[in-house]
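Here is a short report on one protein model. Look over the fold first, then follow one element in detail.

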Amino acid sequence: MFNALEKELQAQLEQLKAADVADLVLSPFVNPKLLLTICHEAGPTNWVVNRSDVYDETIEALLQHPDEVISRRAAEKIKIRKSTLTTLTPPLFEGDCENIPDHSVEDFLGHPLCPFEAILYFSTSSNDDHRASSCLSLTRRLLEHPPNWEINPHAKTEIARHFGRLLNGDPSPMVRGYAARIPILSSADITESTENETHIFVLGRVLQNPARSIANLEEVAADQIAKNDFVANVLALDAQLPMELRRKLRQKPSSHTNELIHSWHL
């Protein structure tokens, strides 16, 4: 089923924690066949298929996973996302968001149908965890229960602008990292982040955002920060990375894992 190069790549990635491997492939730009190669073991795959902030392209690739449990779970998630009906009801709360007790904030934001008003409110909290959770809550809401933006066409733009400012201005790398997953960020905000972000993990996530462009990949690839293993591997795993640039990156000193990913594409 797997060729010699793919088996060697699997052996290299098995040395990493399952969560770290999952972080590498949480991108809509990973080749589906390569994704299945990397996610052949249950550990990383379960991390991916059960997350709420995973993009549709990744779940659709896992529909072809040989493990029936994984493929069935992927099919369930796709069905829920495509359905216009839901048996869920928004969380009940009488009063203003400011009256929600601190110990209940995470549960409130964790509800699949958390109101946008609450998400926006807690995105301005002085608590880093609340701001990060608001970003995750928004991503979950957009991916798992997509709203009908036609009801309020300006809401999408305003929400995207607000969280774009969070991506590029929040002092917490954790918050910026969660903001980077939001699927409605503008290409301008993504570009600003690729030009200015210095935190490795945040930058890698920015390059996995659906709004990233080839120019963003080229911008980061030309910087010294691209030598970091996480950023280098995110670049290598991007199936749309120009072949000429891929060949140049492959010639630079890098980890064996990185060399194998580039070789797979070439």
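A residue counts as buried when its relative accessible area is under 20%, and as exposed when that area is over 50%. The model described here is predicted.

By that cut-off, the face of helix 16 turned away from its buried side carries two exposed residues, E244 and Q251. Helix 16 covers residues 243-251. Its buried residues are L245, R246 and L249. Seen down the helix axis, the buried residues of helix 16 fall within an arc of 100°, so they line one face of the helix. What covers them? Among the elements that do are the helices in this table.

| Helix covering the buried residues of helix 16 | Residues |
|---|---|
| Helix 14 | 214-221 |
| Helix 15 | 229-237 |
| Helix 17 | 256-265 |

Now the whole chain. The protein chain has 17 helices and zero strands. Its radius of gyration is 19 Å, close to the 18 Å that the globule rule gives for 266 residues, so the chain is as compact as a globular protein of that length. Along the principal axes, its C-alpha atoms fill a box of roughly 60 × 45 × 35 Å.

Buried residues make up 50% of the 266 residues. Of the contacts with a separation of 6 or more, 64% come from residues 24 or more positions apart.

The surface comes next. The protein chain exposes about 13200 Å², and carbon and sulfur atoms supply 51% of that area. Charged side chains number 26 positive and 37 negative. The centres of these two sets lie 6 Å apart.

Notes. Residues numbered from 1 in each chain as written. Predicted model: local features only at pLDDT ≥ 70, side-chain atom pairs only at ≥ 80, totals over all residues. Heavy atoms only, no water. Helix = DSSP H or I, 4+ residues; strand = E, 2+ residues; numbered from the N terminus. Rg over C-alpha atoms; globule rule 2.2 N^0.38 Å. Buried < 20%, exposed > 50% of the residue type's maximum accessible area, 1.4 Å probe, protein only. Contact = heavy atoms within 4.5 Å. Areas by Shrake-Rupley, 256 points an atom, 1.4 Å probe, with all protein chains shown as cover. Lys, Arg positive; Asp, Glu negative; His and termini not counted. Charge placed at Lys NZ, Arg CZ, Asp CG, Glu CD. Arc of directions from axis to C-beta.
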